[in-house]
Amino acid sequence: MRADAERSRRRILDAACEVFLERGPDAPLDAVVRRAGVGPGTLYRRFPDREALVRALVTDLLTRLAGAAEEAGRVEPDPYLALRRFVHAAADLRMGAAIVVLLEHLVVDEELVAVRRGAVVAVEELLRAAREAGRLRADVGMGDLVLLCVRVSRPLPGALAALEADGSLVHRHLDLALDGLARDAGGPLGRPLGFEEVIAAAGRPGEQVGE
């Protein structure tokens with residue numbers, strides 16, 4: 001793909017992520033066009049309908065999620081700091097909230113399950129390393145981590161959105177929450193929540209996400 005075409009595709013996907021988070025997956029595609037700063041023809045040549053756009057966005061987000069996890073583990077020698085680095089990178093990409101919202105409106109086939117599996121394996125490896133190093137409390141599962149990111153990274157409503165205009169508030173709240181995941185943060189708070197439970201709660205109980 002030519003560089004200019006790839007830049008247009010990137011603008012469309014980034015704009016779609018923002019618009020769908022703010023207005024839901026049923027938001028008018030014209031809003032995505034305006035946010036991306038491209039013409040309608042540019043969008044429809046790459047994504048002929050809403051499902052194609054949502055599928056491409058979910059695939060892109062999951063792929064970048066796996067990449068962020070792998071990079072964090074590669075560049076940060078401390079397993080717990082690697083996990084923190086990943087969570088902040090995921091927040092910058094607004095992955096947690098977007099993926100959960102979009103998966104509810106998408107038919108998940110084998111190809112998408114395979115992409116998701118890659119992301120799950122990469123993040124689970126960060127959790128395992130931090131746990132084995134004694135740096136992460138034992139009752140934290142990937143489902144806990146994903147839903148934490150979802151809660152913190154959703155846009156604030158109405159006028160409150162001005163508080164996070166520069167993006168720093170999300171990272172402050174993530175740091176406050178991540179301090180509670182550390183091994184010495186306190187006693188156990190129940191069993192870990194697995195990612196497969198999150199998927200089942202979203203109405204997809206039959207999917208095998210870990211194989």
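The protein has ten helices and zero strands, and its elements run α-α-α-α-α-α-α-α-α-α from the N terminus on. Helices (H or I, at least four residues) and strands (E, at least two) are DSSP runs, numbered from the N terminus. This is a predicted model, in which local features need pLDDT of at least 70 and side-chain atom pairs count only at pLDDT 80 or more, while totals for chains, interfaces and linings use all residues. Residues are numbered from 1 along each chain as its sequence is written, and side-chain values use heavy atoms, with hydrogens and water left out.

Of the 211 residues of the protein, 44% count as buried. Buried means under 20% relative accessible area, exposed over 50%, and partly exposed in between (1.4 Å probe, protein chains only). The accessible surface comes to about 10800 Å², and carbon and sulfur atoms hold 53% of it. Such areas come from the Shrake-Rupley method with a 1.4 Å probe; for residues, only the protein chains shown count as cover. Among contacts (heavy atoms within 4.5 Å) between residues at least 6 apart in sequence, 72% join residues at least 24 apart.

Helix α1 covers residues 3-23 and reaches 30 Å from its first C-alpha to its last, close to the 30 Å expected for its 21 residues at 1.5 Å a residue. The expected span is 1.5 Å times one less than the number of residues. Among the buried residues of α1 are Ile12, Leu13, Cys17 and Phe20. Gly24 follows α1 and has a positive phi, near 90 degrees.

Helix α5 holds 14 residues, 79-92, so at 1.5 Å a residue it should span 20 Å; the 20 Å between its end C-alpha atoms agrees with this. Asp78 caps its N-terminal end, with a side-chain oxygen 2.9 Å from the backbone nitrogen of Tyr80. The buried residues of α5 include Tyr80, Leu83, Phe86 and His88. After α5 comes Arg94, whose phi is positive, near 55 degrees.

**Packing of α5**

Two packed helices are described by the angle between their axes and the distance between the axes. The axes of α5 and α7 (residues 110-132) come within 8 Å and cross at roughly 145 degrees. Axes are lines fitted to C-alpha atoms, for helices over the stretch in contact, and angles run from 0 to 180 degrees between N-to-C directions. The crossing is left-handed, meaning that the near helix is turned anticlockwise from the far one by less than a right angle (clockwise would be right-handed). Pro79, Tyr80, Ala82, Leu83 and Phe86 in α5 meet Val123, Leu126, Leu127, Ala129 and Ala130 in α7.

| Residue | Relative accessibility |
|---|---|
| His88 | 16% |
| Asp139 | 12% |
| Ala182 | 10% |

His88 is found in helix α5. The side chain of His88 makes a polar contact of 2.9 Å with that of Asp175. A polar contact is a pair of N or O atoms within 3.5 Å; within protein, one must be able to donate a hydrogen and the other to accept it, and residues adjacent in sequence count only if both atoms are side-chain atoms. Leaving aside neighbours within four places in sequence, His88 is in contact with His171, Leu174, Asp175 and Leu178.

Asp139 lies in the loop between α7 and α8 (142-153), and a polar contact of 2.8 Å joins its side chain to that of Arg137.

Ala182 lies in the loop between α9 (168-179) and α10 (195-201). Not counting residues up to four places away in sequence, Ala182 touches Tyr80, Arg135 and Arg137.
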